[in-house]
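Reader: I have a model open and a list of labels attached to it. I would like to know what stands behind each label.

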Amino acid sequence: MAIISKPVRLYCSCYELGHCWTPHCVKASTDVAKDVFSEAIKIYGALYLLTALFKRKGWKYYAKKFVPETLRSTLFLTVNGSLFVGLFCVTRQLLGTFYYLSSSFLPAFVAAGTALLLERRNRRGPLAIYITNLAVETGFRMLINRGIVRPIKNGEVMLFSVVSAVYLYLFRKKDGLPKSTLSVFKFLVGADENPDSTAKDANDNSTTSTTTTETTTTLSTTSTTTSVSTPTNPATSTTATSSSSSSVTGSKHSLLNVLLSTPGVQTLIEVVGPHWRRLVTSLKASPKHRSCPHSHGCLHYVLKGLCKMFGLGYVVQLLIKLISSISAIRRRPSEVTKVFWGRDSFGLAAFLSLYSVVFRGVNCTLRWLRQKDEAIHGMVAGFLAGGAMYFYNSLTVSLFCAAKLVELLYFKGIEAGRLPYIRHADIFIYAFSCAFVFHAAVLEPHALRPAYWKWLLRVTRNKFSNMNRRLLDVFGTESSKMFPYFWPKYDPRYTNMIHPPS
C-alpha cells in the first residue's frame, strides 16, 4: 500500500504513462473529447428521450428543451473527460514528475468541478449522489483489497434494512418524505399507510361517491341495452359497427378488450371467473382492525400487494433479460426458456412482492397486537421488509438508498435550523468523489465497480485501459493487476523505453 506522505516519485513523460496512443498532449485531449462526445450524445439522447416518453411530456419539450438539454449534458461529460487528460499533462509539466496524488486525483478534482458548472442545476445534486455512492463502494473495495476490513456476509441486506426502516418510518408520518421519494414508496407498498394520501383519498371519496354511482348505473344500463337490441337495417348495422369500432380504438383498454375477446381466454374466464370472484369476495370480507386504513380485510390487503408486485417484478426482469439476450437467442432459440424460467428470472419479483407483503403484514399485525396505530410500526415493518433484498442482492442499490437518505436527513436538519446550509456543496462533493473514483481508475482499476469500468472504456474507446500501469506499480497499489502483460507500442522518436523482459 502506498503511503501518501512518502516522497515516491515517478520520472516519466505523460506520453509514457498516460496517453500512450499519441505522443502529443493536445491531440490526446482532443482524441478523448471526440470519443466522449460521440458516446455521450447517444447516452444522453436516449436517456432524455425515454424520460420524456415515460413522463408523457408534450411536443413543446421536444421542440424547445430536448436538444439543448442533451447537448448541455453531453458537453458536461466531454469537458470532464478531456479536461482530465489535459490537466494530467499540465500537472506533469509543472511538477516535472508524478506523485501519488498528482497523477490523477488533482487533475480529476479540477476537471470534475469545472465540468459540473456547465451542467443544469437540477442535475448537480443527483450526479453528486450517484458519484458519491460509487466512491464509497470503491473505497470499500480498496479497504478489502488491503485487508483492512472484511466483507460481511449479506452486509448489503443489513444496510438496506436499516435504511428501509428510516424511510418507512418517515413514510408513516405526515409530511415525512418529499414528493419524489414519497411517490416511490407509494408505488412499492401502496398509499394506504401514508397519512397524507389517506386524508386526500377520504376527501376525494366523499365528493365523488355520487358521481361513481351514477356512472356505474349508466354503464350497466348501456350494457343491458346493447345486449338486447339487435339492428335489422344493414345501414344501421354498419353505422353501429363502425361507431363501436371507433370507440374501442379510442379506449385506453382497447388491447385488453382484444385479448379478452380471444376464444381461449374467454373460456378460461368462464371457468375460472366465478371461483376467482368468490375467492376475492371472501378475502375482502376477512377481519380488519378498526385502525387499519385500507378499505377491505387485512388478508386481502396483504395478498393484493403480493400479486401486484410479483407480477410487475417478473415482467420488468423478463423484459430486461429479453433485451440483453437477443443475440444469444438468435444463435440458440432454446435459450428463450432460460429467460422465462431461469434461476435469476424471479429475483426482482421475489424482492418487490416480499417487500410489499412484509410491510403490509407487519403493520396490520402490530395494529391487532397493540390495538392502536403509530408511525413506529412503519420502522419495524420497514426493517423486516428490507430482508427481501436477500433475493435481489445489490450493494449499489443499498448504497444509493443510504446516500439519498443522508441527503434527505441533511435537508430536514436545515429546515429545522439544526444544520448549516453549505453553498455549492454539491459541486465540491461531486468533484471530490469523482477525483477519488478517477484516482482509483488510474491506480487501482480492479477496485472499481465492473460495470463502471466498462462504461469508462466505452466512453473513451478503451483509451483508459491503454495507460502503462506497470510503471505505477512503484506506488504499491498493484496498478497492473488487470493488465500484467500490457506494454504500449511506443514511438521510438519520443521515448527510450523498451519492453522489459518477461
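Author: Start with the word helix: a run assigned H or I by DSSP, of at least four residues, numbered from the N terminus. Lys404 and Glu407 both lie in such a run, helix α18 (residues 395-415), three residues apart, about one turn of the helix. Note that this is a predicted model. The chain holds 20 helices and zero strands.

Reader: Why is the pair Lys404 and Glu407 called a salt bridge?

Author: The label requires a side-chain nitrogen of Lys or Arg within 4 Å of a carboxyl oxygen of Asp or Glu. Between Lys404 and Glu407 the N to O distance is 3.2 Å, so the pair qualifies.

Reader: What makes Lys404 and Glu407 partly exposed?

Author: Partly exposed covers what lies between buried, under 20% relative accessible area, and exposed, over 50%. Lys404 has 30% and Glu407 has 23%, so both residues are partly exposed.

Reader: How do you know that Arg458 and Glu39 form a salt bridge, and which parts does the pair tie together?

Author: Their closest N and O atoms are 3.0 Å apart, and the limit is 4 Å, so the label applies. Arg458 is partly exposed at 44% relative accessible area, whereas Glu39 is buried at 7%. Both also belong to a network of salt bridges that links Asp35, Glu39, Lys42, Arg458, Arg461 and Lys463. The structure holds 19 salt bridges.

Reader: What makes Glu69 and Arg120 a salt bridge, and where do they lie?

Author: The closest N and O atoms of Glu69 and Arg120 are 3.7 Å apart, which is within 4 Å, so this pair also meets the definition. The pair links distant parts of the chain: Glu69 is in helix α4 (residues 66-95) and Arg120 is in the loop between α5 and α6, 51 residues apart. Both residues are buried.

Reader: Why is Glu119 called buried?

Author: Its relative accessible area is 0%, and buried means under 20%, so Glu119 is buried. Glu119 lies in the loop between α5 (105-116) and α6 (121-145).

Reader: Which side chains make polar contacts with the side chain of Glu119, and what makes them polar contacts?

Author: Those of Ser73, at 2.9 Å, and Arg123, at 3.0 Å. A polar contact is a pair of N or O atoms within 3.5 Å, one able to donate a hydrogen and the other to accept it, so both pairs are counted. Leaving aside neighbours within four places in sequence, Glu119 is in contact with Arg72, Ser73, Phe76, Arg124 and Leu127.

Reader: How do you know whether His439 is buried or exposed?

Author: At 5% relative accessibility His439 falls under the 20% limit, so it counts as buried. His439 sits in helix α19 (residues 425-443). Its side chain makes a polar contact of 2.6 Å with the side chain of Ser104. Beyond four places in sequence, the contacts of His439 are Tyr100, Leu101, Ser104, Phe105 and Glu444.

Reader: What makes a set of residues a nonpolar core?

Author: The members must be buried Ala, Val, Leu, Ile, Met, Phe, Trp, Tyr or Cys residues joined through side-chain atoms within 4.5 Å. The largest such core has 62 residues, of which Leu17, Tyr430 and Phe464 touch the most other members. Two or more residues each come from α1 (14-17), α2, α4, α5, α6, α19 and α20. The largest share, eleven residues, comes from α19. Apart from this core lies another, of 28 residues, including Leu177, Tyr355, Val362 and Cys401.

Reader: Why is the phi of Gln371 or Asn462 worth a remark?

Author: Most residues other than glycine have a negative phi. Gln371 has a positive phi of about 60 degrees although it is not a glycine, and Asn462, also not a glycine, has a positive phi of about 70 degrees. Gln371 is in the loop between α16 (347-370) and α17 (376-385), and Asn462 is in the segment after α20. With relative accessible areas of 38% for Gln371 and 42% for Asn462, both residues are partly exposed.

Conventions
Residues are numbered from 1 along each chain as its sequence is written. This is a predicted model: local features need pLDDT of at least 70, side-chain atom pairs count only at pLDDT 80 or more; totals for chains, interfaces and linings use all residues. Side-chain values use heavy atoms; hydrogens and water are left out. Buried means under 20% relative accessible area, exposed over 50%, partly exposed in between (1.4 Å probe, protein chains only). Contact means heavy atoms within 4.5 Å.
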